[in-house]
Amino acid sequence: GYITAAIICFGILFLVLGLAACLSTKITLQNAPLLLFPIVGAGAIIIPLIKEFSDFTISADITVILVLGVFMLIGLGFLIIPAAIYIHKKKTCVPVMAVCKDLDVRYSRSKNGGRKKIYAPTWEYYFDGEFHTVRSNAYSNIDVPEIGGEYELYIDPNDPKKFYRPSMKTLIFFIVFGAIWTIMSSIPVFLN
């Protein structure tokens with residue numbers, strides 16, 4: 001029944017998980033939505049503490065609406081940012097056909113404590129008069145390419161070692177995830 005403590009605990013969870021996710025990978029435009037988690041977590045800790053230990057007062061209804069509004073913004077971020085990156089890369093990069101030469105395998109812990117394989121492909125492609133071989137620095141188990149398979153990559157014309165691989169499965173994942181967050185957080189806000 002103590003809303004402030006519940007929001008602070010929730011904020012600590014988001015802050016710790018968000019920092020762990022951000023520190024485990026290099027932050028780029030593509031994974032910038034990860035920054036929302038520690039920011040939301042810090043806000044969910046700081047705002048209730050200010051409310052608790054100062055004369056600043058906000059009603060419980062407004063606090064809940066603010067928290068849900070932040071979650072709605074996170075959901076919208078997961079909907080908009082991946083789509084914007086996809087459109088931007090399609091406009092600014094050059095499409096090439098690349099062959100998956102190898103898959104570097106690592107193991108990641110799953111929710112139940114087990115281990116699951118994640119992969120980083122090594123690509124070979126011909127661009128600007130020469131062959132390039134580049135290993136992805138992002139590991140994933142979504143839309144893993146087959147070794148020897150040909151896939152479309154988008155190459156940065158200013159730096160042929162930088163590439164973007166459009167993945168409909170990943171884009172659909174972010175759209176579904178963002179839609180769920182947006183819808184679930186907007187229902188209580190609009191019903192209130």
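The model is predicted.

**Aromatic pairs**

A pair of aromatic rings is described by the distance of the centres and the angle of the planes. This model has 15 aromatic pairs. Take Phe-10 and Phe-14. Their ring centres lie 4.8 Å apart and their planes meet at 40°, so the pair is tilted. Both residues belong to helix α1, which covers residues 3–23. They are 4 residues apart, about one turn of the helix. Phe-10 is partly exposed, at 29% relative accessibility. Phe-14 is buried, at 11%.

A second example is Trp-123 with Tyr-151. Here the centres are 5.6 Å apart and the planes are at 75°, so the pair is edge-to-face. Trp-123 is in strand β2 (residues 115–127) and Tyr-151 is in strand β4 (residues 150–156), so the pair ties together parts 28 residues apart in sequence. Is Trp-123 buried or exposed? Trp-123 counts as buried because its relative accessibility is 1%, and the limit for buried is under 20%. Tyr-151, at 21%, counts as partly exposed.

| Pair | Centre distance | Plane angle | Type |
|---|---|---|---|
| Phe-10 and Phe-14 | 4.8 Å | 40° | tilted |
| Trp-123 and Tyr-151 | 5.6 Å | 75° | edge-to-face |

Ring pairs also build a cluster. Its members are Phe-10, Phe-14, Phe-37, Phe-71, Phe-78, Phe-173, Phe-174, Phe-177 and Trp-181.

**Charges over rings**

The charged end of Arg-165 sits over the Tyr-151 ring, 4.9 Å from its centre.

**A nonpolar patch**

Which residues make the nonpolar surface patch? They are Met-168, Ile-172, Val-176, Ile-180, Ile-183, Met-184, Ile-187 and Leu-191. The patch has an area of about 810 Å². Leu-191 lies in helix α4, which spans residues 168–191. Leu-191 is exposed, with a relative accessible area of 70%.

**Positive phi in two loops**

Most residues other than glycine have a negative phi. Asp-128 has a positive phi of about 55°, although it is not a glycine. Where is Asp-128 found? Asp-128 sits in the loop between β2 and β3. It is exposed, with a relative accessible area of 64%. Asp-143 also has a positive phi, near 55°. Asp-143 is in the loop between β3 and β4.

Notes:
Residues numbered from 1 in each chain as written. Predicted model: local features only at pLDDT ≥ 70, side-chain atom pairs only at ≥ 80, totals over all residues. Heavy atoms only, no water. Patch = residues over 30% accessible without salt bridge, like charges linked within 9 Å, V, L, I, M, F, W, Y side chains within 5 Å. Areas by Shrake-Rupley, 256 points an atom, 1.4 Å probe, with all protein chains shown as cover. Salt bridge = Lys/Arg side-chain N within 4 Å of Asp/Glu carboxyl O. Buried < 20%, exposed > 50% of the residue type's maximum accessible area, 1.4 Å probe, protein only. Phe/Tyr/Trp six-rings, centres within 6.5 Å; stacked < 30°, edge-to-face > 60°. Lys NZ or Arg CZ within 6 Å of the ring centre and 35° of its normal.
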